[in-house]
Amino acid sequence: MNNGSSSHIVYGGDYNPDQWIKTKEVWDEDIRLMKLAHINSATVGIFAWSLLEPQEGVFDFDWLDEIVEKLYDNGISVILATPSGARPPWLSEKYPEVLRVEENGIRNEYGVRHNHCLTSPVYREKVSIINRKLAEHFKGNPAIKMWHISNEYSGECHCPLCQEAFRKWLKKEYHNDINELNDKWWGGFWSHNYTDFSQINSPKSRGENHVSALKLCWKRFVTDSHISFYENEIAPLRELTPDIPVTTNFMNMYDGIDYQKFASHVDTVSWDNYPDWSNGNTARTAINTAFAHDVFRSTKGGKPFYMMESTPSVVNWRQVNKIPSPGTQEITSIQALAYGSDSVQYFQWRKSRGGHEKYHGAVVGHDGTENTRVFSEAAHTGEILEKLSDVAGKQSEAEVAIICDWENKWATDFFCGYNNNRRDYFDECKKWYIPFYKAGITVDIIPEDADYSGYKVIIAPFLYMLKDQTEERITSYIKNGGCFVSTYLFGVTDKDDRCFLGGFPANGLKDVFGISVEETDALPDDLIYKASFGDKFYDVRHICDIIRPNGAQILGEYKSDFYSGTPCVTFNKFDEGKAYCVAFRNEGDFARDFCSMLIESNRIKSAVNFNIPDGIGIRKRGDFIFVMNFSNEMKIIPFPIYYTDVITGELVFGKTRLEANKYLIVKEKKENE
Ligand code: GAL
């Protein structure tokens, strides 16, 4: 199986020749312009079902053959999409069951896209038929380099078929034993003991929405439904085109699907990246984007991914769609490369003439020419990417991991108690990511059930829910010499959101960390407490555990309320390893200082050996070092040793100016160079 790795950076994006089928001279112009822009890949057919199968069972691939051939003859390879993301009107007219039923129980009418039931056997069959036809047709075609399955799977369906499928899923999960489900869901509460699986429905605002275990199961079921829908989509492709890798594009930190689970089903992970560069804090936007890149890179153990979409200029779906400053598109592309992408792809190549997205940015605008700023910037990026083909396939090595787990995100959202306003699980994970980002240190962002070995440090912010085996895995990681940092509300519930008995953190973790949590306090936003650590004081915000030390060393104390003087930062040497607990939530300056202690004491290596100015992002990939200025002002980079600029070949040394939105890609100069 080809895993999608390539010897160059894939440069292209969503291309909709189907919208221009009546003016095919536009196709020829597209090819001319693509070559001018150094485009080497086009993703076609994403929403083309009504042309591919204009009537049920009548297929027309002639137009697709024609454009695929034109592209390939001109050195542009093709990522071929399956069209299930949007269906032709005839399909839902004839088979209304394919339409999605919303949480309110009402079936949608035909319209928009992604509006389909994940369970419907008819829809699965129709998708499978057209995918088989496509695979039969394009089998052996050298132009096709990858399958792009559907588009941004998302949402959920509450139709009777999905309810039945959910009950079946529950039966499997709970060994067909309703009493096991009742026990695990703590059915005695509010008289919720079911006598039959048929009594259970999906969570709804007008029905059951207070049983967190039900809500967790529903989320897991929705993820599994997407995966099985996708597996049904790819079955004919695997059978007929086993050498063509398969991907589906993920949507940033969308939490409706457990991407960490889904990732193991694709050959190459890909995601769609639309940073908000006009929110007044470009440096912060860069961090959020870097974090998402690291999430997706880590889902496949660090293997390169694809940035399947990004905009060459604006989007159309924010309330106000400000044009990002010139150079933004290029630095967004370079950042993707730095963080492990083997592709830079746009939505979209050419603006549609009509339709909902006609004002979304595109490489080619409604003027249809190469004489625009956007086009020339895209062409420039294309030229640069050609010089960076050696970056493709390279990986970054991480000594640090942050556990940021989709299921734990759901669990932290669903429980009721303590501070119900403040959960922000992903932001909490980011808080611990930022200090490493700022220090030029690669971090893997891993799920709870990833392999922990190989990391010097693992940080588990707000790891509230422990899946089966997590306790044992944390314990053995620490036992074998690992350094593990837990924070507040750590190890509180099992995977059904049932509290562990005997005190927190769960079971033996109390010994591993040398503490137990006695109470958890919640602070309104305007109540800010203090904590000490070393010789400094920090704000305590929103939530904090009151802990009882039981062998752990006390590194910091609360300075407020009746628990003033009690520990809030602890350390326990456990066997070969180190177990820290940071029992409170903070604005980030604590994480910064605490992480610099971790970096030093665990000898974590940065990509560079100098103080990184604020707003500068630094990342090492292979032996390429990317230095990117995401601030909005010029910065001086103090290169302490000689580097070679990979693009110009020039030497870089000493204080070097780097303008806003500009970047350098360098390699350490070898002795004999
Ligand atoms: C993506 C989607 C594309 C396009 C784009 C606009 O989420 O996959 O088809 O709609 O947004 O930004």
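Tutor: Start with Arg 32, which is partly exposed at a relative accessible area of 36%. Here buried means under 20% relative accessible area, exposed over 50%, and partly exposed in between (1.4 Å probe, protein chains only).

The model is predicted: local features need pLDDT of at least 70, side-chain atom pairs count only at pLDDT 80 or more, and totals for chains, interfaces and linings use all residues. Residues are numbered from 1 along each chain as its sequence is written, and side-chain values use heavy atoms, with hydrogens and water left out.

The partner of Arg 32 is Glu 29. The two form a salt bridge, with their closest N and O atoms 2.8 Å apart. A salt bridge is a side-chain nitrogen of Lys or Arg within 4 Å of a carboxyl oxygen of Asp or Glu. By this rule the model has 43 salt bridges. Glu 29 is partly exposed as well, at 26% relative accessibility. Both residues sit in helix α1 (residues 25-36); they are three residues apart, so about one helical turn separates them. Helices (H or I, at least four residues) and strands (E, at least two) are DSSP runs, numbered from the N terminus.

Next, another pair within a helix. Lys 409 and Asp 413 join their side chains in a salt bridge, 2.5 Å from N to O. Their helix is α13 (residues 406-414), where they lie four residues apart, about one turn. Lys 409 counts as buried, because its relative accessibility is 12%. Asp 413, at 33%, counts as partly exposed.

Now a pair between loops. Arg 541 meets Glu 587 in a salt bridge of 2.5 Å, N to O. This pair links distant parts of the chain, 46 residues apart. Arg 541 is in the loop between β16 (536-540) and β17 (543-549). Glu 587 is in the loop between β20 (577-582) and α17 (589-601). Which of the two is buried and which is partly exposed? Arg 541 is the buried one, since its relative accessible area is 13%. Glu 587 is partly exposed at 43%.
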